[in-house]
Amino acid sequence: MNALRKTIVIALALITSVLTLQAQVSEKQRISREQLAEKQAQHIAHDLALDDATTAKFVATYHEYQKELWAIGPRPKRAKGNAQSEEQAEAQMQQQFTRSQRILDLREKYYKKYSTFLTQRQIQRVYEIERGMRKKLTQRRAAGKKGGARR
């Protein structure tokens with residue numbers, strides 16, 4: 001009986017330590033938006049094979065762009081079903097148009113900045129890579145939501 005108790009205590013201790021370690025690993029995997037933007041910029045610069053000076057300009061500019069994009073805010077949540085009135089639906093559409101216009105204006109602003117140190121083909125490639133990264137992040141989020149707590 002005593003050996004059984006010791007075995008149970010050891011098993012519980014092992015399970016607890018594994019869960020604690022897993023929680024620490026999960027916390028380490030989460031990075032801030034700023035760190036993510038930095039990594040994305042570095043990835044794009046590497047993919048474009050930019051020199052060190054251009055990479056530094058690009059990373060700084062990309063980070064500024066991301067900060068301004070975050071300031072615009074997330075997409076508003078859509079109301080489910082037909083519970084909206086015509087006025088609410090119109091207001092929501094106007095919000096979406098306003099947000100889209102702000103993003104377009106921001107992209108144009110940073111296109112002009114990028115044009116001072118990148119070629120047009122490089123800028124196109126930046127947008128392609130960025131779109132691909134957004135798509136991957138969206139897929140990961142969707143997979144994480146489907147999997148529940150299995151992130």
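Predicted model: local features only at pLDDT ≥ 70, side-chain atom pairs only at ≥ 80, totals over all residues.
In which hand of crossing does α2 pass α3? The crossing of α2 past α3 is right-handed.

**How the helices pack**

Two packed helices are described by the angle between their axes and the distance between the axes.

| Helix pair | Angle between axes | Axis distance |
|---|---|---|
| α2 and α3 | about 140 degrees | 9 Å |
| α2 and α5 | roughly 135 degrees | within 10 Å |
| α4 and α5 | roughly 135 degrees | within 10 Å |

Let's begin with α2 and α3, whose axes lie 9 Å apart at about 140 degrees. Because of that angle, α2 counts as oblique to α3. On the α2 side, the contact is made by R33, E34, A37, E38, Q40, A41, Q42, I44 and A45, and these meet T55, F58, V59, Y62, H63, Q66 and W70 of α3. By class, the residues of this contact are eight nonpolar, five polar and three charged.

Now turn to α2 and α5, where the axes come within 10 Å and cross at roughly 135 degrees. That angle makes α2 oblique to α5. The crossing of α2 past α5 is right-handed. From α2, the residues L36, Q40, H43, I44, D47 and L48 reach Q122, R125, V126, I129, M133 and L137 in α5. Sorted by class, this contact of α2 with α5 has seven nonpolar, three polar and two charged residues.

The remaining pair in the table is α4 and α5, with axes that come within 10 Å and cross at roughly 135 degrees. This makes α4 oblique to α5. Again α4 passes α5 in a right-handed crossing. Here R107, Y111, Y114 and S115 of α4 meet Q120, I123 and Y127 of α5. The classes in this contact are four nonpolar, two polar and one charged.

**The largest pocket**

How much space lies in the largest pocket? The volume is about 1,500 Å³. Its lining is made up of 30 residues, and P74, R75, R99, R134 and R141 are the ones nearest the centre.

Which helices supply at least two residues each to that lining? They are α2 (33–48), α3 (52–72), α4 (86–115) and α5 (120–146). Among the contributors, α5 gives the largest share, with eight residues. The lining divides into 13 nonpolar, seven polar and 10 charged residues.

How values were computed: Residues numbered from 1 in each chain as written. Heavy atoms only, no water. 1 Å grid on protein atoms, 1.4 Å probe; cavity = no way out; pocket = protein on both sides within 12 Å on 5 of 7 lines; lining within 4 Å. Points joined across faces, edges and corners; volume = space filled by probe spheres on them. Helix = DSSP H or I, 4+ residues; strand = E, 2+ residues; numbered from the N terminus. Nonpolar A, V, L, I, M, F, W, Y, C, P; charged D, E, K, R; others polar. Axes fitted to C-alpha atoms, helices over the stretch in contact; angles between N-to-C directions. Parallel < 35°, antiparallel > 145°, perpendicular 65-115°, else oblique. Left-handed = near helix turned anticlockwise from the far one by under 90°. Contact = heavy atoms within 4.5 Å.
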